[in-house]
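My entries follow the display.

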Amino acid sequence: MKSFCFSHEPIDTTVFRDALTNPQSGGYTSFEGWVRNHNEGQQVSRLEYEAFEPLAVKEGERIVAEAIKRFGIERAACVHRVGSLAIGDMAVWVGASARHRDEAFRACRYIIDEVKHRVPIWKKEHYENGDSGWVNCERCAAPGEHETHEHTHAAHSQDDNDHSHGHAGHSHDHSAPKLVPDYSRQMALKEVGAAGQAKLRNSRVLVIGCGGLGAPVLTYLAGAGVGRLGMVDGDKLEASNLHRQTLFALADVGEHKAILAADRLRALNPEVDARAYTIRLNAENATELVGEYDLVIDCTDNFSTKFLLNDVCVRLGKPVIFSSVYQYEGQLQVVRPDRGGACLRCVWPEATRDGLVGNCAEAGVLGPVPGVFGTLQALEALKTLLDLPGQLGNELLVLDLLMLTVSRVRIKRAATCPDHASSRIIRPLDTSAAAAAAAEPLELSFDSLDEAEVQGLSVIDIREARELVEQPTPTGNGRHIPMAELLHGGHELAPAGKYLLICASGRRSLAAAEELRSRGQQHVYSLKGGVAGLARRSLI
Ligand SMILES: [Zn+2]
């Protein structure tokens with residue numbers, strides 16, 4: 001029997017099926033394609049298939065041989081009807097027998113997909129309204145081998161009129177084979193299986209931040225078949241993001257990252273319900289958004305968002321996976337309020353403020369560093385959703401990727417944690433900062449540092465030495481005390497002195513000013529917008 005053939009009569013599957021039986025085979029699978037009564041919104045009454053048989057058979061046999069080799073199966077065959085078919089008739093049959101069912105399924109699908117794509121077969125649909133049209137013509141099919149093209153020219157001339165008619169009413173998309181995600185490689189794990197896959201399909205994961213951490217998180221979770229993936233990011237793509245944010249292309253610069261990410265994920269896995277939120281997470285929107293998901297992953301680089309997420313997730317009892325990256329190091333923490341675990345505030349009782357740890361723009365980062373941590377977040381997310389053993393709980397995983405050292409630090413629920421106080425009432429995030437700000441502003445704006453000095457402020461540049469090499473302090477009178485030295489190096493500032501702290505963007509200087517204020521230094525301020533802000537103003 002030929003492995004691929006055409007039939008002018010209704011297909012008798014028993015003959016073909018019997019030819020595939022084999023004592024080696026423990027699995028047999030078949031596919032039947034039937035004529036349906038509608039296509040692209042039109043009511044179909046019947047249809048006709050036509051093929052240039054010598055070439056089509058050759059290509060069909062090649063496809064079956066590929067499938068046998070590729071999936072290591074025993075036997076396979078495919079039969080395609082030609083001529084006039086009624087609704088419900090079988091148009092194509094594929095069968096495969098193999099030692100194991102998985103290969104049989106996969107080979108079967110490979111054959112039908114490739115036949116749809118590569119074998120030159122034309123279909124003419126007859127509609128209820130008396131019209132007719134060709135679909136799957138050679139111009140719709142993906143470019144095949146040269147022989148296919150030679151053949152299609154010959155066939156085209158036979159039916160020129162009908163072809164042009166068909167094109168008027170049909171897009172070119174309809175001949176593309178329907179591709180289906182394949183989770184077999186993860187389902188093969190006994191801890192996952194069909195039950196685990198169903199759990200993932202029914203899961204809803206919210207990812208905050210579509211950057212260097214978010215890229216691997218989103219990619220792996222979409223690939224794994226997580227049913228709904230929400231992604232929150234108010235930023236637009238910048239070219240400097242691309243070395244670590246692998247979801248995007250250079251041509252996308254200037255577009256919303258959340259929208260780009262959702263598009264990319266839909267292309268990766270159309271089964272995923274990818275929802276883009278081009279917003280910044282805040283106290284007003286966080287509760288409602290988090291409430292729609294089962295698990296939250298923090299992929300941001302700012303502490304106010306992390307603490308906000310922590311508070312909301314503790315209150316709603318949702319697991320949240322945190323990661324922070326600084327230059328070559330980073331850490332991972334999984335907070336499980338649903339299991340009574342420690343939270344972010346248990347570990348960082350004095351609210352770590354933005355800027356105490358530099359962000360990527362200020363501190364610099366190699367792309368794979370957030371890549372590793374995002375990948376670990378994706379892994380912990382899957383372990384959580386699938387309830388696999390070995391989950392990171394009440395521990396802080398700290399990795400130094402430069403020296404390749406790993407440590408796991410045990411953490412406990414802290415009695416002093418505001419989220420874990422008996423009342424469990426969420427303290428507004430920035431009460432203390434707001435109170436301090438009301439008493440005296442923390443941030444000041446100036447057009448130049450000369451202006452600040454005229455007002456009696458001593459300028460302290462808290463950037464790192466190498467930052468000053470690139471961009472020196474824009475005043476001759478300023479002192480240079482790197483942030484860590486200023487805060488932890490035993491530097492004594494005059495108690496009544498007036499100081500203006502400056503850094504690249506104003507984030508670190510704000511954090512340092514807040515910290516010094518909390519230590520009783522009353523007249524310390526941060527330059528709003530940092531050196532970058534001064535540079536911008538000087539251009540105006
Ligand atoms: Zn806590």
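I count two strands as paired if DSSP finds at least two bridges between them. I take helices (H or I, at least four residues) and strands (E, at least two) as DSSP runs, numbered from the N terminus. The model is predicted, with local features needing pLDDT of at least 70, side-chain atom pairs counting only at pLDDT 80 or more, and totals for chains, interfaces and linings using all residues. Residues are numbered from 1 along each chain as its sequence is written, and side-chain values use heavy atoms, with hydrogens and water left out.

Entry on β14. I looked up its partners: β14 and strand β15 (residues 329-335) run antiparallel, joined by seven bridges. Phe 322 lies opposite Gln 333 in β15. Their hairpin has two residues between the strands, and Gln 327 takes a positive phi near 50° there. With strand β13 (residues 295-298), β14 pairs in the parallel sense over three bridges. Ile 297 stands opposite Ile 321 in β14.

Entry on burial. I use buried for under 20% relative accessible area, exposed for over 50%, and partly exposed in between (1.4 Å probe, protein chains only). Strand β14 (residues 320-326) is largely enclosed by the rest of the structure, because six of its seven residues are buried. Ile 121, in strand β8 (residues 121-127), counts as buried because its relative accessibility is 8%. I noted 4.6 Å between the C-alpha atoms of Ile 121 and Ala 51, which are 70 residues apart along the chain.

Entry on Leu 402. I found Leu 402 in the loop between β16 (395-400) and β17 (405-410). Leu 402 counts as exposed because its relative accessibility is 52%.
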